[in-house]
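We will go from stop to stop, selecting a few residues at a time.

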Amino acid sequence: MLELNGVVKHYHSAGEEVRAIDGVSLTIAPGELVALHGPSGSGKTTLLLLIAALLKPKREISALSEEQACDFRFEEVGFVYQTTRLMAHASALENAARDLLLGQVGMREARARAIPWLERVGLAGSLTRTPEQLSGGERQRVAIARALAGEPRLILADEPTGNLDSVRSQEIVELLGSVAHEREACVLLVTHDVEAAALADRRLELRDGTLHDAPAAGASGGVEAGKGGVEAGRSGGETGRSGAEAGRGGGETGRSGAKAGRGGGDAGRGGGEAGRGGGETQDSVQSGSSGAEARSGQRAATP
Ligand SMILES: Nc1ncnc2c1ncn2[C@@H]1O[C@H](COP(=O)(O)OP(=O)(O)O)[C@@H](O)[C@H]1O
Ligand SMILES: [Mg+2]
């Protein structure tokens, strides 16, 4: 369950205020895949970063501490960035297992958990290949496997099919849809691909920081989403572990905030690329560091 109420994020740059997200309310049920599109600059990436607690909304009242935000990302969020951000010279398997290792899962278990996801994205034969030996589409699929390997409850994918041909795009969106339904995960997928969006349970459009329903393009993608999860999502709160209150915004309009509750049971360790969040725009491959270093780097770099 993901719930946003009137979330606001304005950037101040060069003396100008950019109203990147301007009062967005959104609920995604467990098991639901929601496709989001909108023109460049409409705030799609900003919205995903806010939900992943990589950015903080304006005027939040119950903000997460850095540490809580970091834990939330590791435990609950799988983020597929607009650019792949793979470690250079590391194998597909090491890349896919990386966030599990950062989340303190042991090497053997991390590999065992990452392999089935690499197989599922069609890379069973490429486990030992490095990003330099993979095509753009294959690199993107490694990044998707990395995001899914932690079995997160919340999957945020920022144009993950941008480098893929239409058959692969379709497969990836179907995969995200089945992951949503199987694991009762909430999936928010930014995509401009009309065919891919048609596979989603629901389509939304972001324009100038505000959210609108987007009409179904042909097929109505209604898949049975497990919609009963509202209470489950919230009940996690009582355990004291759940929930990112990513904030309130909205000036006079009152409460807002992002809550992502843990629906009970075990929550997989999820792999946000935490502090590497914000600003990068180039595709690709970055050098890795050891788990411990990377993790503390992440904390430090969190905006
Ligand atoms: N770190 C930042 N500082 C200032 N302005 C930003 C920053 N990031 C994004 N913006 C601005 O916020 C708006 C929304 O950007 P973004 O969320 O990247 O949109 P999209 O992903 O839909 O293309 C744009 O006007 C962009 O220039
Ligand atoms: Mg973007």
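## Start with the hairpin

Select residues 2-13 and 16-28: strand 1 and strand 2 pair in the antiparallel sense over nine bridges. Strands here are DSSP runs of E with at least two residues, helices are runs of H or I with at least four residues, and both are numbered from the N terminus. Two strands pair if DSSP finds at least two bridges between them. Click on V7 and you will find V24 of strand 2 opposite. Two residues lie between the strands of this hairpin, and A14 takes a positive phi near 50 degrees there.

A word on what you are looking at: this is a predicted model, in which local features need pLDDT of at least 70, side-chain atom pairs count only at pLDDT 80 or more, and totals for chains, interfaces and linings use all residues. Residues are numbered from 1 along each chain as its sequence is written, while chains are lettered from A and ligands numbered from 1 in the order in which they are written.

## Zoom out to the whole chain

The protein chain has nine helices and 11 strands. Of its 303 residues, 53% count as buried; a residue is buried if 20 or more other C-beta atoms lie within 10 Å of its own, exposed if 12 or fewer, and partly exposed in between, with C-beta atoms placed from the backbone.

Next, colour by pLDDT, the predictor's confidence in each residue, from 0 to 100. The average for the protein chain is 72, and 67% of the residues score at least 70. Select residues 219-303 and you will see pLDDT under 50 throughout. Where pLDDT is low, the predicted coordinates should not be read in detail.

Which order do the strands of the open sheet follow? Six strands make up this sheet in the order 4-6-7-3-8-9, and the pairing is mixed. Strand 4 (77-80) and strand 9 (210-213) stand at the edges with a single partner strand each, so one side of each has no neighbour in the sheet. Neighbouring strands of this sheet are turned by 20 degrees against each other on average, direction ignored.

Select strand 3 (residues 33-37) and look at both of its sides. With strand 8 (residues 202-207), strand 3 pairs in the parallel sense over four bridges, and L36 stands opposite L204 there. With strand 7, strand 3 also pairs in the parallel sense over four bridges, and here L36 stands opposite V190.

Move on to strand 7 itself. Is strand 7 enclosed or left open by the rest of the structure? Five of its five residues are buried, so strand 7 is largely enclosed. Show the side chains: C186, L188 and V190 point one way, and V187 and L189 the other way. In a regular strand the side chains alternate between the two faces of the sheet. Strand 6 runs parallel to strand 7, joined by five bridges, and L156 has L188 as its bridge partner.

## Just past strand 7

Select D193, in the loop between strand 7 (186-190) and helix 7 (194-198). D193 is buried, as 20 other C-beta atoms lie within 10 Å. Leaving aside residues up to four places away in sequence, D193 touches T161 and S169, where a contact means C-beta atoms, placed from the backbone, within 7 Å.

## The ligand

## Two last stops

Find H89 in the loop between strand 5 (86-87) and helix 3 (92-102). H89 has a positive phi of about 60 degrees although it is not a glycine, and counts as exposed with 12 C-beta neighbours inside 10 Å.

Finish at D208, in the loop between strand 8 and strand 9. D208 has a positive phi of about 45 degrees, and it is not a glycine either. With 13 other C-beta atoms within 10 Å, D208 is partly exposed.

Conventions:
Contact = placed C-beta atoms within 7 Å. Axes fitted to C-alpha atoms, helices over the stretch in contact; angles between N-to-C directions.
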